[in-house]
Amino acid sequence: MLSGWLQIALTLLIVGAIAPFLGRYMARAFQGPDWLPERWLYRQIRHRTDEPMTGGQYLRAVLASNLAIGLVGLGAFWLQDRLPLNPTGLGAPNWDLAVHTIASFLTNTDQQHYSGETAITYGSQVGILGYLLFFSAATGLAVGIAFIRGLSGQPLGNFYRDLTRSITRVLLPLSLPIALLLLLNGVPETLAGPAIASTLEGATQAIARGPVAHFEAIKQLGENGGGFFAINSAHPFENPNNFTNSLEIVAMLAIPTSLIFTYGEISQNRRQAWWLFGLVGSIFLGLVALSAIAEWQGNPTLAPGPNLEGKEQRFGWAQTALWAVTTTATMCGAVNGMHDSLMPGSGLATLLGLFLQMVWGGQGTGTAYLYVFLILTVFLTGLMVGRTPEFLGRKIEKREIILASAILLVHPVFVLIPGAIALAFPEQLAGISNPGFHGVSQVIYEYASAAANNGSGFEGLGDGTLWWNLSATVSMLAGRYLPIAALLLLADGMAQKQPAPATSGTLRTDTFLFTTVTGVTILILGLLTFFPVLALGPIAEGFALR
Amino acid sequence: MNNLAKKMRRTPGGPRSQRRHTPKVSHQGLYGRAVQQAFWKLDPRQAVHNPVMFVVWLGTVVTLLLTIAPDLFGSLADPNARTVNGAIALILLATVWFANLAEAIAEGRGKAQADALRATKADTIARRLLPDGSEEAVAASRLQRGDRVRVSAGDMIPADGEVLAGVASVDESAITGESAPVLKEPGSDTASSVTGGTRIVSDELTIRVTADPGQGFIDRMIALVEGAERRKTPNEIALTVLLAVLTQVFLLAIATLPPVAAYVQSPASIAILIALLVALIPTTIGGLLSAIGIAGMDRVAQFNVIATSGRAVEACGDINTLLLDKTGTITLGNRLAEQFIPVGGHPIDTVARVAWAASWFDQTPEGKSIVRLAEKLSDRPHPTPEGATGLDFSARTRMSGTDLPDGTEFRKGAVDAIKGFARSRGGSIPADLDAAFEQVSRLGGTPLAVCENDQIYGVIYLKDMIKPGIRERFDQLRRMGIRTVMLTGDNRITAEVIAREAGVDDFIAEATPEDKIAAIQREQAQGKLVAMTGDGTNDAPALAQANVGVAMNSGTQAAKEAANMVDLDSDPTKLIDIVTIGKQLLMTRGALTTFSIANDVAKYFAIIPALFASIGLGPLNVMGLTSPNSAVLSALIYNALIIPALVPLALRGVAFRPLSADRLLQRNILVYGLGGTIAPFIAIKAIDLAIGPLVG
């Protein structure tokens, strides 16, 4: 038991040690001058990347590039049976599955309604999905950096340059050593087809393999989470041992934890960065504790002992609980165990991560959500000190409130409405495997995961159907692009405001008091919306088990 | 802090002795009318203007239908459904009515205030001058901007305007409460503007009307305090947006609940879902929001200040820098001559004679005090010579004086101005002039040099008195994060001494009108909001440039036109009170919004376990409420009663203390955030104990 808690503590200590340094590195990486190879790249695309974009231009660049790459990816995926690197002779996907899969990887969600081994060719895994793993993560990171710049009163920057730098300076340099470490620990990287083995009984068995190691590294680092194999990081070829498990957890947390410090550097507000890191860290620790205690105590109606259902023996309850909370908090969505088998407490913790979206949050966007909550808190508390509320000296006015509120509204709309429709027609649509409270959790989790661009599945749903593919696609697209649009416009508006100098009448946002108030506001605004479904899902299930 | 300063902080408009006028506001029958008004406001066409309360209004209609036909949305197991639905409908109706009542009371008080203001401008018949010089009688309310009217002794001045011709004394007591009549004449800085509603007591004036009907200062203030044309301020709009979004979020959370509830075999009653919705949406702040705004303008009027918009009042709360004229604001009215200091070896009585000669035509209190001091020092009388002409002081030359027919020029003025004058006449500068200048400046006085042609004779020491209690007010402002800058025509040394004694943060000495605008622009370029007070015509550009400009009622029409506020008492320190009102307005909104949202936690814990009692959510009933029906009704009754309970706070405003923002936040979070979380738990439990036995 003690070793389980120690494992959790050690992994998180490593993350805490890395974050300030990586954060500072990223600030320099995005604010510094071009490198020679980058300049060569920009010349090839004949684009003036040194010209900063307005919010509208940045947004158009994000949407246009995402649409173009999405369409190309969709076309290639459809034709995968005729493209190279298809050793097992797989066929073309259904149209709805293809749309769902491409939308899923394009939006950094990586929700999977298929099994990688039997549905996707090596060509598609490497060429389409592998490309999207980098591209979607880089898009998110670029938006996050642009948002931070805008809040700090700087021009938003150039999307194509930020996108390039995300890949050349952050994602590639970090995922290479991770991939090598995975390779050393036995993760395969091959283009050969499945290995055919003879078992002890004399039967033959096909063992799926493929170019996994490089895919796994960016899948974790870029908060993507779309596994090469159906069971994701529970598969020994994706995540063979305790070392790789910890490495993959650290990889999930590395960028979103560091971005808070990147904000501190770019806005010259290091003190506030530390407070916010502490705030988000405390919420995260609370969720980890909620889940770990639930798993450690296990199911009271069974024999005493930790809950080991749906877990890999090599990871045990502690590493699985830590992973489950990390993957839902960071919007990675990779899994190393069956979330359907988690205790209700863990179900609650994972759902909370998906609802709040800022407990580290997605690549780039999660940090931005944190500041949206901060802006809303500044508005409420700023009024209470008798001034027009301001953040970093810039006034929060009607436009900011509209955009921040839009972000607040997107999530419930695209989680609760489709969830209610699915539950209204459980026979026709939902395909729930465990009726009752657990079924509510399954359905709400699926849409929360889609709208938050997380991608993990509670599983247990028959989700490969037309309804699930299309409704989840809508939630993913809306959950990705509407907030991005609002974030960029918000940052643009803030950047153009004249900052007022701070006086003793100005509300300081880098204090313990303000940070605490922000934390409470986040919990209240985030939870009030979802309290009824949480009550009917994991909370009711928890009471029923007692 | 001395007693006077304390008094100034507590009483609106400063101590009673310094106030000139209090509008007589009658609150008779106000509450009776408000109770009626609250019913009229149930009209859906009016209710729709407040999105939060309109949701409650719609909820009332639906629950009413469910009382008449409980099976409207499918039959329910609860045999008491009709009674419960009826009770919910009644409480919801009461909630809407309470919100209406809050607004009606605020409007009623505003109307009373408006009536008091309106009494100052009884409708009169004006004599309008036609182009051919003839007169026609026309109702004062129909006068247009640019019309010329003639008024004679005994007439009421029909509209705000500027004197074109004539000299007359005007009784302005209706506006200012000052009983002594004031002289009005054309062309003068302060004496050429007249206000509608004042009475001319002697002679005759021709006036050009400067405001269209209904656009005068008083008209605008009446419209503001009545709340009729109250436009929402930017902060209020942003808050309304946030409240509307919160309402939509909760609408979504509740509207998607029935299928989920049905799926877990615990179908929810529509009436109880509506009850939950109403409990969650921010009805407390939604119901009180307009009352807070109206009451704020009402408070401004009580301070005898006329604001042109609510926006200007709220902008006061954001002020970073306050520019104040020294004279009349920081120092008591006028400076008096205290001493003559001879220079260049001239005897003192010669200095007195030259000072006297330079002040023959000076009718300012300073000039008269120089004459008095000179008379005291000299035994020989100095009659004004035949044919002598006076030269008025101007901000540009910074000197005044007398010219004799024989070409002799007597001048007195700022030391460097006189130096320049003497040099231009070919004179030399006495070596001890600078020493005398410094001697006076170090005493905090104003040194005026006097000369006859090219000869500088000496320096007059004009003494300044700093107003008692002013230092404490500046300390308050500093704690609120507001920097004070003193504007003065004095030299640097004098300005520095007075600035230090009065406790202002900065000063601008030898300030010209251009300097004032430049100072404002410099502050604004740094992103600061600037307020300034002024009265002269040459203050008008600076008043317009400042984010908040407060003109004195005694000031010129141009200054009043350029300002966003006019202080009827002409008390420049009043700005500090308006800053407080502006801050209170924002604080009250913020505090009640926080309170409203914090309340939701307790309401969830009351209603959710009651709504889903059958599926084992009992442990969530942390308050141990008697029964599901009692829990729902208790939460709703609390939700309704909290509105009238907070009406006094909404009208009075959250108490403001001159503390730093962090300390204020700490205080208000504790009271309205933490208090708002805990109070409903206690109150709902108490209501449940009371009604539990009845509901069963």
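## Surface and make-up of chain A

Accessible areas here come from the Shrake-Rupley method with a 1.4 Å probe, and for residues only the protein chains shown count as cover. On that basis chain A has about 18,400 Å² of accessible surface, 67% of it on carbon and sulfur atoms. This is a predicted model, where local features need pLDDT of at least 70 and side-chain atom pairs count only at pLDDT 80 or more, while totals for chains, interfaces and linings use all residues. Residues are numbered from 1 along each chain as its sequence is written, and side-chain values use heavy atoms, leaving out hydrogens and water.

Chain A holds 18 helices and 4 strands (DSSP runs numbered from the N terminus: helices are H or I, at least four residues; strands are E, at least two). Its radius of gyration is 23 Å, close to the 24 Å from the globule rule for 546 residues, so chain A is as compact as a globular protein of that length (taken over C-alpha atoms; the rule is 2.2 Å times the number of residues to the power 0.38).

## The sheet in chain B

Over in chain B, 6 strands make an open, antiparallel sheet in the order β2-β1-β3-β9-β4-β7 (two strands pair if DSSP finds at least two bridges between them). β2 (135-139) and β7 (193-194) of chain B sit at the edges with a single partner strand each, so one side of each has no neighbour in the sheet.

Further in, β4 (residues 161-165) and β9 (residues 204-209) of chain B pair antiparallel over 4 bridges. G161(B) has V209(B) in β9(B) as its bridge partner.

Conventions
Chains lettered and ligands numbered in written order.
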